[in-house]
Amino acid sequence: MEINWTILGIVVAVLIVLIVFVIRKNQKEKKKLTEFLNNDFKKAEEDEPDFDSTANER
């Protein structure tokens with residue numbers, strides 16, 4: 001049984017291209033998620049009164 005080096009080379013090349021594609025796509029998605037989480041944060045309004053400012057009003 002002889003190894004067909006041409007087919008093996010094509011399969012290895014396709015696998016390398018696929019791995020590079022997946023890594024690049026993952027990096028883009030990671031960047032999008034990081035920007036979304038950093039920029040879309042909305043601070044909740046304070047429900048508790050500020051005791052220092054209410055003490056001065058009395």
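## Exercises on a predicted model

In this predicted model, Ile3, Trp5, Leu8, Val12, Ile16 and Val20 make a nonpolar surface patch of about 590 Å².

**Exercise 1.** Identify the salt bridge and describe the setting of its two partners.

*Solution.* Step 1: side chains of opposite charge can pair when their charged atoms come close. Step 2: Lys32 and Glu29 form a salt bridge, with their closest N and O atoms 4.0 Å apart; the count for the model is one salt bridge. Step 3: both residues lie in helix α1, and because they are three residues apart, about one helical turn separates them. Step 4: Lys32 is exposed, at 53% relative accessibility, whereas Glu29 is partly exposed, at 42%.

**Exercise 2.** State the secondary-structure content of the protein and the share of buried residues.

*Solution.* Step 1: the protein contains two helices and zero strands. Step 2: of its 58 residues, 0% are buried. Step 3: the accessible surface comes to about 6500 Å², and carbon and sulfur atoms account for 61% of that area.

Terms used:
Residues numbered from 1 in each chain as written. Predicted model: local features only at pLDDT ≥ 70, side-chain atom pairs only at ≥ 80, totals over all residues. Heavy atoms only, no water. Patch = residues over 30% accessible without salt bridge, like charges linked within 9 Å, V, L, I, M, F, W, Y side chains within 5 Å. Areas by Shrake-Rupley, 256 points an atom, 1.4 Å probe, with all protein chains shown as cover. Salt bridge = Lys/Arg side-chain N within 4 Å of Asp/Glu carboxyl O. Helix = DSSP H or I, 4+ residues; strand = E, 2+ residues; numbered from the N terminus. Buried < 20%, exposed > 50% of the residue type's maximum accessible area, 1.4 Å probe, protein only.
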